[in-house]
Amino acid sequence: MSLSEDVGRIAEAAAQYAAPGEELAAVVPVEPASGERVYLCAFAQADGTQSWLGLDDRGAPLKNRTLIRDAASIAALVEIAEESAAVPTGDEPRLASPAYLDSLGAVANGNVAGALQSALPAIDELTRDLELNYKLKLE
């Protein structure tokens, strides 16, 4: 199964967790550790508020705080690195992982490190927002 198909399958599973007036806004596939896939699902309300839920590869909700924070951090780092390296992302999903992040660093000839360093406060803010607006109680 392709990553695109996986994201579609997870989007279907995630839709059942949308609250009234809320819609699934994004599914971000992340591999925080080799072989461990997390799908970060962002939900949006009409007023702009967001909530989050992490699902495993089977579509089951995740409650492990450390795993969710790690996945969110890697996803944010990859997004910043892609922007810094001017990597065209297109419409196809990509798997955010430490290995992919390393490959972006190698392609950008060191330009990524500074961007990542300056983005750390924003990444911390994102992970805090995700924790505060997580749909389930994190353990």
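**View 1. R65 pairs with E131 in this predicted model.** The two side chains form a salt bridge (a side-chain nitrogen of Lys or Arg within 4 Å of a carboxyl oxygen of Asp or Glu), and their closest N and O atoms are 2.5 Å apart. R65 belongs to helix α2 (residues 65-84) and E131 to helix α4 (residues 111-132), so the contact ties together parts 66 residues apart in sequence. Helices here are DSSP runs of H or I with at least four residues, numbered from the N terminus. With a relative accessible area of 34%, R65 is partly exposed; that class lies between buried, under 20%, and exposed, over 50% (1.4 Å probe, protein chains only).

**View 2. R69 also forms a salt bridge with E131.** Here the closest N and O atoms are 2.4 Å apart. R69 sits in helix α2 and E131 in helix α4, so this pair ties together parts 62 residues apart in sequence. R69 is partly exposed, at 29% relative accessible area.

**View 3. E82 meets R94.** Their salt bridge spans 2.8 Å from N to O. It links E82 in helix α2 to R94 in the loop between α2 and α3 (98-107), 12 residues apart. E82 is buried at 5% relative accessibility, whereas R94 is partly exposed at 23%.

**View 4. A salt-bridge network links D6, R9, R37 and D57.** For context, the whole structure holds 8 salt bridges.

**Notes for all views.** Residues are numbered from 1 along each chain as its sequence is written. Local features need pLDDT of at least 70, side-chain atom pairs count only at pLDDT 80 or more, totals for chains, interfaces and linings use all residues, and side-chain values use heavy atoms, leaving out hydrogens and water.

Methods: Helices (H or I, at least four residues) and strands (E, at least two) are DSSP runs, numbered from the N terminus.
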